[in-house]
Amino acid sequence: MRQQPFGRNGQSASVIGQGTWYIDRGDRAAAISALRRGLDLGMGHLDTAEMYGDAELVIAEAIAGRRDEVFLVSKVLPSNASRRGTIAACERSLRRLKTDRLDCYLLHWRGAFPLSETVAAFEELLSAGKIRSWGVSNFDVDDLDELLGVAGDGKIACNQVLYHLKERAIEHGVVPWCERHGVAVVAYSPFGHNDFPQPAGRTGGVLQKIADAHQATPRQVALSFLTRKPALFAIPKAASAQHAADNAAAGNLVLTAEEIAALDQAFPRGAQPRSLPML
Ligand code: NAP
């Protein structure tokens with residue numbers, strides 16, 4: 001599995017990671033096996049959040065004894081993102097995850113607390129060694145500009161945003177902004193949550209044809225397309241070991257320029273929306 005720089009402080013993470021939203025809802029043992037299979041195949045980049053119910057507890061079991069293989073990301077809810085609230089939320093996440101540090105800690109989306117408060121808390125957590133970097137999620141270009149003004153250059157490790165074949169709004173402004181400022185762009189819901197193109201449809205047919213040429217699956221082609229630039233990562237959620245293995249294999253799939261152009265045409269990015277879409 002390819003690892004690539006994550007932000008500008010020397011960290012790196014697997015290009016394809018593992019999401020965990022709803023992973024606590026089904027068969028817990030299967031979920032733990034899926035995460036471990038992903039780790040075996042180099043998908044050490046694990047994404048969770050205080051919002052995701054018991055997902056942090058599931059991760060704690062999956063990574064027991066393997067912490068050094070993991071690039072662990074969690075998120076603070078906007079309603080907790082005051083200076084003291086952020087620190088308390090991080091400490092709760094560390095306890096649930098049974099670890100002493102997060103590799104990156106994110107503000108889940110923008111809320112009512114001033115960014116200066118959340119950033120001050122992130123910096124305090126950094127100094128205390130409880131997090132190794134921090135970032136944001138669901139930030140549009142104007143939010144990123146404001147955050148840069150508060151934090152200064154080189155501080156924002158990542159922006160985690162909605163990105164899949166049918167939702168390419170981030171390509172207009174967010175991706176170029178992040179590329180300019182050395183910020184990792186992490187694609188969440190890379191399979192559209194539950195809206196992956198069907199093979200019978202016209203666009204699904206384009207995907208299938210490219211997949212067949214590589215003896216791959218349409219989802220592997222999608223992951224390869226979504227991570228085609230060095231700033232881009234993707235964090236599909238898989239609750240079965242087979243799905244995790246399939247997703248890991250996408251880390252080795254390189255599409256040709258013609259295939260990328262065909263996908264670009266089949267799944268046009270469309271006009272820039274007024275505000276950044278989020279799930
Ligand atoms: P997703 O990854 O787009 O899709 C998950 C669905 O795809 C599940 O039904 C899963 O089934 C299925 N799947 C996964 N791998 C597969 C494979 N190889 N073959 C067939 N089906 C496969 O959805 P998501 O959970 O919304 O997004 C991924 C992660 O992004 C989340 O888990 C979360 O960590 C993060 N996220 C962040 C935000 C944010 O605001 N920052 C918002 C949404 C999501 P199984 O589970 O049965 O394997």
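Biologist: Are phenylalanine 122 and tryptophan 134 buried or exposed?

Modeller: This is a predicted model, in which local features need pLDDT of at least 70 and side-chain atom pairs count only at pLDDT 80 or more, while totals for chains, interfaces and linings use all residues. Residues are numbered from 1 along each chain as its sequence is written, and side-chain values use heavy atoms, with hydrogens and water left out. With a 1.4 Å probe and protein chains only, buried means under 20% relative accessible area, exposed over 50%, and partly exposed in between. By that criterion, phenylalanine 122 and tryptophan 134 are both buried.

Biologist: How many aromatic pairs are there, and what is the arrangement of phenylalanine 122 and tryptophan 134?

Modeller: Rings of Phe, Tyr and Trp (its six-membered ring) pair if their centres lie within 6.5 Å; planes under 30 degrees apart are stacked, over 60 edge-to-face, and the rest tilted. For phenylalanine 122 and tryptophan 134, the centres are 5.2 Å apart and the planes at 25°, so the pair is stacked.

Biologist: Which elements does the pair of phenylalanine 122 and tryptophan 134 tie together?

Modeller: Elements are DSSP runs numbered from the N terminus: helices (H or I, at least four residues) and strands (E, at least two). The pair ties together parts 12 residues apart in sequence, because phenylalanine 122 lies in helix α4 (residues 115–127) and tryptophan 134 in strand β6 (residues 134–137). The elements are therefore helix α4 and strand β6.

Biologist: At what distance from the ring centre of phenylalanine 225 does arginine 228 lie?

Modeller: A charge sits over a ring if NZ of Lys or CZ of Arg is within 6 Å of the ring centre and within 35 degrees of the ring normal. Arginine 228 lies over the face of phenylalanine 225, and its distance from the ring centre is 4.0 Å.
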